[in-house]
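Please keep the sequence and the three-dimensional view at hand while reading.

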Amino acid sequence: MSTSYSARFFWLFLVVNFWFTTALADIRSYTFVIRAQPVTRLCQTNEIITVNGQFPGPTLNVTSGDTLVVKVLNYARYDVTIHWHGVRQIRTAWADGPEFITQCPIRPGGSYTYRFTLTNQEGTLWWHAHSSWLRATVYGSLIIYPKEGTKYPFPQPCHEPEPIILGEWWNRNPIDVVNQATQTGAPPNISDAFTINAQPGDLYPCSSSDTYRLSVKAGESYLLRIINAALNAELFFTVADHVLMVVAADASYTKLLHTEVVMLGPGQTTDVLLIANKPVGKYYMAARAYASAQGIAFDNTTTTAILDYEGSSSSSPVSPNLPAYNDTQTATQFTTGLRSLGSPDHPVNVPFNIDENLFFTIGLGLLDCPGQPCGGPNGKRSTASMNNVSFVFPKTFSLLQAHYFGIQGVFTKDFPDNPPVQFDYTAQNVSTALWSPVRGTKVKVLKYNSAVQIILQGTSIVTAENHPVHLHGYDFYIVGEGFGNFDPQRDPITFNLIDPPQRNTVGVPVNGWSAIRFVADNPGIWLMHCHLDVHITWGLAMAFLVENGPHPLARLEAPPLDLPVC
Ligand SMILES: [Cu+2]
C-alpha cells in the first residue's frame, strides 16, 4: 500500500469515525457552583466548600462517547480547580484540572468551562477539587455507561444503587489544617472520621440517625461502585457476611474476583456485584484504614453504612470483619488478585518493546530548618520526593501554558530517569545524608507514542509506606510488584504481560516496588503524584511532558478562550 493511499485511507477512517461518533454521542452540560454550605457532622456545624451545596457533590451519569461541558463558577473564598479523575482527556489536557499543572486556579468570583469527551472509557470514575485540600469536601461520582446497544461484560445486575463514596472528615477546616502544617513543617492533624456517602455512621457521636442505608431485596443482585475519595487514607471496605464479586477497577473491566475485602487507595474505584443471598436482616458495610507505615499517626476510626433487607425487623446490624490496620497481606492479596478482563471487546494491549525504561524512587524525607527548628521529626520539616526531587508547583503560569506558549523559566526538562544515587532503598537504616531531597519543578519529556515502563520503588526514608501513585491522562498496566528492592535481573521474568490489571492509580507496596507500562499517546503535561494529599503537599510528584505526534489529531488542542490566568 502506497503512503499516500494509506494516508488517504487514514483520513477517510477519521472522517467516518468522527461522523459516526458525533452522530451517536451527546453533549452533556452541567453547572457547578462552588460555594460554602453549613453541614452538621459529629455534633457540630461547619461551613464546608461544596458543589451546588451538595455533599457529596452531584453524580454525573453519562455514556461512553459523550462530550461533557461543565461550567464551574467559583463563589467560594478559595481558589479552586476541578479534576476529572481517570478521564484520559485525549488532546484536552486543558480540561484535566490540577492547579498550576494544566491551568491556573479559578479565583474567587471567576469561572471556567471544562470541555472534554469520554473516549472509549466506561465504568466508575469521579471528580474532585485539585487545589490545596479542597477535595476533602468537593468531590462526586462520574459514572460512564456503555454505549447504547452494548452491555456490561458481566451478568446484568438487577439494581444499580448510587455509588458508595468513602470520604474523610475533619472537624476543623481542612484548609486550615494543611496551612498550619505547611507553616510549622509538622505532619498535618489526622482526620476525625471516615464517611460513606458523606455520613460517618453509627460508631461516631451524633451520627446514627443519618447513617447511610442501602435497602435491598432478598435474592436480587446489586452493582456497588465503590470510590475512595479520602484525602490521606487507604481503606479496607467490606460488607458483613457477604461476598463481593469484583468486575472492574478504575473504570477498566477485570476478570471476576471473589473477595470479602476490597482495598482502595485514595483515587481508586472498584465495582463489585453483591447478591443479597443472606437471611433477611441488616448488615454493616464498613471501611477503615489500611495504615502501612509504622510509627505514623492515623485515623483509626471505622465508618459504617447499613445494607438493609426489605422486611427486616432486626434492630442491630450484623458486625463486619475488617482486617487489622497493618494487614499488608490482605491488601496485597487483593491488589495482586486483579486481572484485566481481556475479552475481544475489551482487549489487553500491554506494550512489549519499551522505549523509555524509567526507575523512580518515591518516599518521604526531612529538610533542615535554618534559624529556628520546625515542628516535624528532629526539629525538621517533613518532605517527600521522587528521584530525590521534591516537586514545587509553579505560581505564575501553569506548566501546560508554559509548554504551549514557550514561556521560559517555569520548569526544566531534567527530571532524572534514575535516582541520582543508588542505595539500598528499603534498608532499615538508610544514611541520613540521603534524607534531604532538592526542590524543583522538573518534567520528563516523552516522545509521542513511546512505550514507557516505570519502576516505582518505595524507600524506607523516615518511614516506609504504601503510596497510591496516580498518573493523569493515562491508564497503565501494573505488570508486576514486589517487596524489597526491585531486581532488574530477576523480577522482569515474573511480569504479567498477558492480563495485568489496568488502572490510573497504583498502590506501591510498603517497602516494595510496582512496575507499570503505558504508551505515551496523549500529548500534554501530565502530573504523576502520590494521591495521599499529605504527600503531594510535601512534593511527592513529578510531571511528564508528552510531545505532539505527527498528524493533526495527535496534537494538543489550542487552549480554551476562558482558561484562567494566574
Ligand atoms: Cu504517598
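The account below goes from the domains to the sheets, then to a helix and to single residues.

**Basis of the description**

The structure is a predicted model, in which local features need pLDDT of at least 70, side-chain atom pairs count only at pLDDT 80 or more, and totals for chains, interfaces and linings use all residues. Residue numbers start from 1 along each chain, as its sequence is written.

**Domains**

The domain assignment divides the protein chain into domain 1 (3-145), domain 2 (164-337) and domain 3 (356-554); such bounds come from an automatic or database domain assignment. The centres of domain 1 and domain 3, taken over C-alpha atoms, are 25 Å apart. Between these two domains, 16 residues of domain 1 are in contact with 18 residues of domain 3, where contact is defined as C-beta atoms, placed from the backbone, lying within 7 Å. The side of domain 1 that touches domain 3 is made up of nine nonpolar, four polar and three charged residues. In this classification Ala, Val, Leu, Ile, Met, Phe, Trp, Tyr, Cys and Pro are nonpolar, Asp, Glu, Lys and Arg are charged, and the others, Gly among them, are polar.

**Two open sheets**

Strands (E, at least two residues) and helices (H or I, at least four) are DSSP runs numbered from the N terminus. Two strands are said to pair if DSSP finds at least two bridges between them.

Strand β4 (residues 67-74) pairs with β6 in the antiparallel sense over seven bridges, and L68 stands opposite F116 in β6.

A further open sheet is formed by four strands in the order β3-β8-β7-β5, again with mixed pairing. Its edge strands are β3 and β5 (82-85), each of which pairs on one side only. The twist averages 25° from one strand to the next. β3 pairs with strand β8 (residues 139-145) in the parallel sense over four bridges, and the bridge partner of N61 is I143 in β8.

**Helix α3**

Which residues of helix α3 (residues 328-337) are buried? They are A331, F334 and T335, a residue being buried if 20 or more other C-beta atoms lie within 10 Å of its own, exposed if 12 or fewer, and partly exposed in between, with C-beta atoms placed from the backbone. These residues lie on the same side of α3, because they cover an arc of only 90° around the axis; the arc is that of the directions from the helix axis to the C-beta atoms. In general, an α-helix has 3.6 residues a turn, so residues three or four places apart point the same way. The buried residues of α3 pack against β15, β16 (261-264), β18 (282-290) and β29 (505-508).

**Loop residues and backbone geometry**

Most residues other than glycine have a negative phi, and most peptide bonds are trans. The peptide bond from F55 to P56, however, is cis, with omega near 0°. P56 lies in the loop between β2 (44-51) and β3 (60-63).

The C-alpha atoms of T137 and F55 are separated by 6.9 Å, although the two residues are 82 residues apart along the chain. Apart from its neighbours within four places in sequence, T137 is in contact with I48, I49, T50 and F55.

D250 has a positive phi of about 50° although it is not a glycine, and A251 likewise has a positive phi, near 60°. D250 is placed in the loop between β14 (244-249) and β15 (252-259), and A251 is found in that loop as well.

E162 belongs to the loop between β8 and β9 (164-169). Its C-alpha atom is separated by 7.8 Å from that of L224, 62 residues away along the chain.

| Residue | C-beta atoms within 10 Å | Class |
|---|---|---|
| D250 | 26 C-beta neighbours | buried |
| A251 | 27 other C-beta atoms | buried |
| T137 | 28 C-beta neighbours | buried |
| E162 | 15 other C-beta atoms | partly exposed |

How values were computed
Axes are lines fitted to C-alpha atoms, for helices over the stretch in contact, and angles run from 0 to 180 degrees between N-to-C directions.
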